[in-house]
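Dear colleague,

Please find below the structure that I am handing over to you. My notes on the packing of its helices follow.

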Amino acid sequence: MAALRAKLRAIIQREMEQDPAHDIAHLDRVWANAHRIAKSEQGVNLRVLLGATYFHDLVNLPKDAHNRSEAARMSAEKAAPFLTDLGFSPDEIKAAQHAIAA
């Protein structure tokens, strides 16, 4: 899991437009919280959760952008090729995209 997390962080640092509220530290905190919650649940695919947490802000639109409400869906779409390159199965990609968009 650590190797996958390192690869996800590298992609984010290269691909995601950074702002003070949505930087890599934010994504690390989201992962830590989601992982903590997942440990008390049954049947959580941690690879899917890890991918979704790091890619949920892949498209980060300004607060006043006319299409701000589409950012999550756009992040989910943009995440698919990265997840494919990282060896996620089609079902894992679909699940991660659902988590990102939701």
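Predicted model: local features only at pLDDT ≥ 70, side-chain atom pairs only at ≥ 80, totals over all residues.

The crossing of helix α4 and helix α5 is right-handed, where a crossing counts as right-handed if the near helix is turned clockwise from the far one by less than a right angle, and as left-handed if anticlockwise. Helices here are DSSP runs (H or I, at least four residues), numbered from the N terminus.

Residues are numbered from 1 along each chain as its sequence is written, and side-chain values use heavy atoms, with hydrogens and water left out.

**Helices α4 and α5**

The axes of α4 (residues 71-85) and α5 (residues 90-101) come within 8 Å and cross at roughly 155 degrees. Axes are lines fitted to C-alpha atoms, for helices over the stretch in contact, and angles run from 0 to 180 degrees between N-to-C directions. The two helices are therefore roughly antiparallel (angles over 145 degrees; under 35 counts as roughly parallel, 65 to 115 as roughly perpendicular and the rest as oblique). On the α4 side, the contact (heavy atoms within 4.5 Å) includes Ala-72, Ala-76, Ala-80 and Leu-83; on the α5 side, Ile-93, Ala-96, Gln-97, Ile-100 and Ala-101 take part. The contact residues comprise 9 nonpolar, 3 polar and 2 charged. In this classification Ala, Val, Leu, Ile, Met, Phe, Trp, Tyr, Cys and Pro are nonpolar, Asp, Glu, Lys and Arg are charged, and the others, Gly among them, are polar.

Helix α3 (46-55) is largely enclosed by the rest of the structure, because 8 of its 10 residues are buried (under 20% relative accessible area; exposed is over 50% and partly exposed in between, with a 1.4 Å probe and protein chains only). The buried residues of α3 are Val-48, Leu-49, Leu-50, Gly-51, Ala-52, Thr-53, Tyr-54 and Phe-55, and they pack against α1, α2, α4 and α5.

With α1 (2-15), α3 packs at an angle of about 20 degrees, the axes being 10 Å apart. That makes α1 roughly parallel to α3, and their crossing is right-handed. Leu-4, Arg-5, Leu-8, Arg-9, Ile-11 and Ile-12 of α1 meet Arg-47, Leu-50, Gly-51, Tyr-54 and Phe-55 of α3. Of these contact residues, 7 are nonpolar, 1 is polar and 3 are charged.

The axes of α2 and α3 come within 9 Å and cross at roughly 150 degrees, which means that α2 is roughly antiparallel to α3. This crossing, too, is right-handed. Among the residues in contact are Trp-31, Ala-34 and His-35 of α2 and Leu-46, Leu-49 and Thr-53 of α3. The contact is made up of 10 nonpolar, 2 polar and 1 charged residues.

**Helix α2**

The 15 residues of α2 (residues 24-38) should span 21 Å at 1.5 Å a residue, and the end C-alpha atoms are 21 Å apart, which agrees; the expected span is 1.5 Å times one less than the number of residues. Ile-24, His-26, Leu-27, Asp-28, Trp-31, Ala-34 and Ala-38 of α2 are buried, and their cover includes α1 and α3.

**The loop between α3 and α4**

Pro-62 lies in this loop and counts as partly exposed because its relative accessibility is 47%. Its C-alpha atom is separated by 34 Å from that of Glu-41, 21 residues apart along the chain.

Yours sincerely
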